[in-house]
Amino acid sequence: GNAYVDIVADDLYDIAGHGATWAAAQKLYDSHKSKQFGFGEWGLWGIDDPAFVKTMASWVHTHKRLVLLAYFNSKAGSTWDLKSKPKSAAAYRKYISPLG
């Protein structure tokens, strides 16, 4: 339960035809106001969507308790491989890399 965790985390993937569930992430963030927050996994599920990457960076800047942001890159050539998504890779370099 809440008394036994230091960080509450969510997994968020951008899937074609499904879309990311930002509202669910926000609800989880809001429901644990005394805890740090993270995205233990996030990524692009087989699609090149730089807007999703930009939205993630924006989310980081507006949610001050966020302490963890881990992109699920997997192995080269996989569904989640960022290198195979040139527009999103450029957005990642522009918006996410500067975060540290």
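Residues are numbered from 1 along each chain as its sequence is written. As the model is predicted, local features need pLDDT of at least 70 and side-chain atom pairs count only at pLDDT 80 or more, while totals for chains, interfaces and linings use all residues; side-chain values use heavy atoms, with hydrogens and water left out.

**Helices**

Start with H2. Helices are DSSP runs (H or I) of at least four residues, strands are DSSP runs (E) of at least two, and both are numbered from the N terminus. Helix H2 covers residues 50-62 and packs with helix H3, residues 86-96. Their axes are 8 Å apart, at an angle of about 15 degrees. Axes here are lines fitted to C-alpha atoms, for helices over the stretch in contact, and angles run from 0 to 180 degrees between N-to-C directions. H2 and H3 are therefore roughly parallel to each other, a term for angles under 35 degrees. H2 passes H3 in a right-handed crossing, where the near helix is turned clockwise from the far one by less than a right angle.

Helix H1 spans residues 22-30. Its axis comes within 13 Å of the axis of H2, and the two cross at roughly 15 degrees. H1 and H2 are therefore roughly parallel to each other too. Their crossing is right-handed.

Lys54 sits in helix H2. Its C-alpha atom is separated by 8.7 Å from that of Lys94, 40 residues apart along the chain.

**Strands, loop and surface**

Ile7 belongs to strand E1, residues 7-15. With Val67 and Leu68, Ile7 forms a nonpolar surface patch of about 220 Å² of accessible area together. Nonpolar side chains are joined within 5 Å. Areas come from the Shrake-Rupley method with a 1.4 Å probe.

Ala70 lies in strand E3. Ala70 and Ser58 are 12 residues apart in sequence and 15 Å apart in space, C-alpha to C-alpha.

Ser74 is in the loop between strand E3 (66-71) and H3. Its phi is near 60 degrees, a positive value. Most residues other than glycine have a negative phi.

| Residue | Relative accessible area |
|---|---|
| Ile7 | 37% |
| Lys54 | 45% |
| Ser74 | 42% |
| Ala70 | 27% |

Definitions and conventions. Patch = residues over 30% accessible without salt bridge, like charges linked within 9 Å, V, L, I, M, F, W, Y side chains within 5 Å. Salt bridge = Lys/Arg side-chain N within 4 Å of Asp/Glu carboxyl O. Buried < 20%, exposed > 50% of the residue type's maximum accessible area, 1.4 Å probe, protein only. Parallel < 35°, antiparallel > 145°, perpendicular 65-115°, else oblique.
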